[in-house]
Amino acid sequence: MKNPGLALIAVITLALGIGANTAIFSIVNAVLLQPLPYPDSHRLALISENFTQRGLSRIRVSAPEYLDYRDRSRSFEQVAAYRFQSFTLTDAGEAELLRGAVSSTNLFATLGVKPALGRAFLPGDDQPGAGQVVALGNALWRRRFGADPSVIGQKLTVNNNVVEVVGVMPPGFQVPPQTEIWAPISLTSELLGQRMGPRNLLVLARLKPEIGLQTAQAEMNTLARQFQEMYPDAYSAESGWSVTVTLLREQVVGGMRSALWILLGAVTFVLLIACANVANLLLARASARSREMAIRAALGAGRGRIVRQLLTESLALALIGGSLGVLIALWGVDAILRLNPDVLPATANVRIDGVVMAYTLIVSLLTGAGFGLAPAIATSKLDLTGALKEGGRSGDSGRRGMRNTLVALEVALSLALLIGAGLLIRSFWRVQAIDPGFRAENLLTMGIALPQTKYPDKQQVANFYQQVLQQVETLPGVQSAGLIAGLPLGGSRSTWGFTTEAKPRPAALEDILEATNRVISPGYFRTMGIALRRGRDFTAQDSDDAPGAVVINETMARRFWPNEDPLGKRIKLGSPEPQRTWDGQ
């Protein structure tokens, strides 16, 4: 109260440092320290496969492989499978494209999650001839159906099929991420007969209580060797095929662990700089209080009593700064989540809870002790007689040396932070300057998913998209339009196996070449501002009845035709059987 200016500066400085630490720790706590929001989440694992010789790791599995893992393994209580699928909802208002998933009927039970309303899928829901059912996400239920409990049992039109709503999932449940609707998966006899594909199933398993991850991995290694003996054509030793069991938590956290710990370390540096600043302020203030402390000592206060007095004052400042820091942290967490809503895992519930408050209290106390210790020690070494005679100037040289040390510490910490920030800014600038290969300005996108029941024929699908393109191109302000199966840099990845005329018959399965592909329409390159280096664009004449045509990038041309002109060369997509036609570039 005697020094409101100094107190205000100290409290604000501490509040910023403690607030930044609290905000970042709340994220670290939610993502790295708290268990996943499922019962016994430490027992949840993902089963994936690797083809190391092809550069493929932790890829999805095929339907026959999923059934093998489910029926042959003894390390798991339950094994479930799911995959992404888009759904078009045409009831209860305007048509809406939903991000959804199809799953085995035991997915919710494997995760240990029960619907908030209704029931989960039953074992017979995925059988042919059974009535089609769906479960709704909580957010979709509230947004589209006004949180009406009577939605259970209602009939909806989804993908042009009539389905029954049997459940509404609890708030926050999104497996896989951003899913709004679930349906049972139907493993047809055709899928079960294709061991090598399509590989589109994610396999989730729950370990038995007495089984650890290493034991489960050892069992899967044994199963992998058995599969290699049973299906030598599918799993040749040269392909580097193997099976990996990974804890679900590791998959969810992914590469965020290092980044979050580094970020927490950076804000800890900021707090240390704040402590050094406040300690310098208190050291400067201690010079003016030398006479006061000398009088206290003359009245009988020992060195320990004076140290306790000064530490008490420092802790008071730190606790006030910590309280204000919590308010700053609340604002900071909200700002981080608003600016980057999709950066953190969907399972992360970031909030200022009891654990975060306890962390803030401990940080505040340590901070108070940290910046209060230097002036307390300097003052406790006061020369009583000299302080009284010289009007409070005794001990200035010692405090000056300590202040110089703190300034040096501040400069060192600040320099380290500035170097790190400079490197990050430089990296960000370089990323921003990278040419993605297309012109992103004034581009609009929309997703379309056609129900197979309404468009079962390939020609019907082609006609639909052709009509869409023609109508979109006539809209005011539209210069051009195109279609693509999967936006560039969008995360979805599709590959084609192919062979070249130079190597038409691979000696083994691992010799089949693979390339990432996108199916596009004529006009796509023009719409994206992508210039062809050589050759021609697709035209309306490049139909199913015409000889196959593909456009390749320069990387593929350099790799497979390094000293040749790739134009006119032919490749064969898919199986290398002789009856398949050759496709040109």
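Predicted model: local features only at pLDDT ≥ 70, side-chain atom pairs only at ≥ 80, totals over all residues.
Visitor: What makes the contact between Arg-199 and Glu-65 a salt bridge?
Guide: The side chains meet at 2.8 Å, N to O. The cut-off is within 4 Å, for a nitrogen of Lys or Arg and a carboxyl oxygen of Asp or Glu. The pair therefore qualifies.

Visitor: What does the pair of Arg-199 and Glu-65 tie together?
Guide: Arg-199 lies in the loop between α5 and β10, and Glu-65 in helix α2, so parts 134 residues apart in sequence are tied together.

Visitor: Why is Glu-65 called buried?
Guide: Its relative accessibility is 0%. Buried means under 20%, so Glu-65 counts as buried.

Visitor: How do you know that Arg-72 and Asp-68 form a salt bridge?
Guide: Their closest N and O atoms are 3.6 Å apart. The limit is within 4 Å, so the pair counts. Both sit in helix α2, four residues apart, about one helical turn.

Visitor: What makes Glu-554 and Arg-533 a salt bridge?
Guide: The closest N and O atoms are 3.4 Å apart. That is within 4 Å, so the pair qualifies.

Visitor: Why is Arg-533 called exposed?
Guide: Its relative accessible area is 67%. Exposed means over 50%, so the label holds for Arg-533.

Conventions: Residues numbered from 1 in each chain as written. Heavy atoms only, no water. Helix = DSSP H or I, 4+ residues; strand = E, 2+ residues; numbered from the N terminus. Buried < 20%, exposed > 50% of the residue type's maximum accessible area, 1.4 Å probe, protein only.
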